[in-house]
Amino acid sequence: MKISYMASLNENFKKLGKNIAKYRKEAGLTQVRFAIKLEITREHLSHIEVGIKRPSVELLFSIAENLNIPPYKLMEF
């Protein structure tokens, strides 16, 4: 069975969100504290972490910078 391009893309954003949550937790940050650092709402961060929303490239780099990791680490899946 073929997986459509959009389904595959959605799965990748879910994996990205899981990686963001993993590194955030490893850094000892709650969603609230991390969202404040990123200047976004906790709800927005939550939606990114579960794959409902997609971060902009600018936000993705800000996430990596605030977690002190290279951006590619967020996309290792």
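**From values to terms**

Analyst: In this predicted model, buried residues make up 32% of the 77 residues in the protein, where a residue counts as buried if its relative accessible area is under 20%.

User: What makes the radius of gyration agree with that of a compact globule?

Analyst: For 77 residues a compact globule would have a radius of gyration near 11 Å, and because the protein has 12 Å, the two agree. Along its principal axes, the C-alpha trace spans about 40 × 25 × 20 Å.

User: Which elements does the protein contain, and in what pattern do they follow one another?

Analyst: The protein has four helices and zero strands, and along the sequence the pattern reads α-α-α-α.

User: Why is α1 called roughly parallel to α4?

Analyst: Helix α1 (residues 5-26) and helix α4 (residues 57-67) pack at an angle of about 25°, their axes lying 10 Å apart. Angles under 35 degrees count as roughly parallel, and therefore α1 is roughly parallel to α4. The crossing in which α1 passes α4 is left-handed.

User: What share of the contacts with a separation of 6 or more joins residues 24 or more positions apart?

Analyst: Such residues account for 60% of those contacts in the protein, a contact being heavy atoms within 4.5 Å.

Terms used:
Residues are numbered from 1 along each chain as its sequence is written. This is a predicted model: local features need pLDDT of at least 70, side-chain atom pairs count only at pLDDT 80 or more; totals for chains, interfaces and linings use all residues. Side-chain values use heavy atoms; hydrogens and water are left out. Axes are lines fitted to C-alpha atoms, for helices over the stretch in contact, and angles run from 0 to 180 degrees between N-to-C directions. Helices (H or I, at least four residues) and strands (E, at least two) are DSSP runs, numbered from the N terminus. Angles under 35 degrees count as roughly parallel, over 145 as roughly antiparallel, 65 to 115 as roughly perpendicular and the rest as oblique. A crossing is left-handed if the near helix is turned anticlockwise from the far one by less than a right angle, and right-handed if clockwise. The radius of gyration is taken over C-alpha atoms; the globule rule is 2.2 Å times the number of residues to the power 0.38. Buried means under 20% relative accessible area, exposed over 50%, partly exposed in between (1.4 Å probe, protein chains only).
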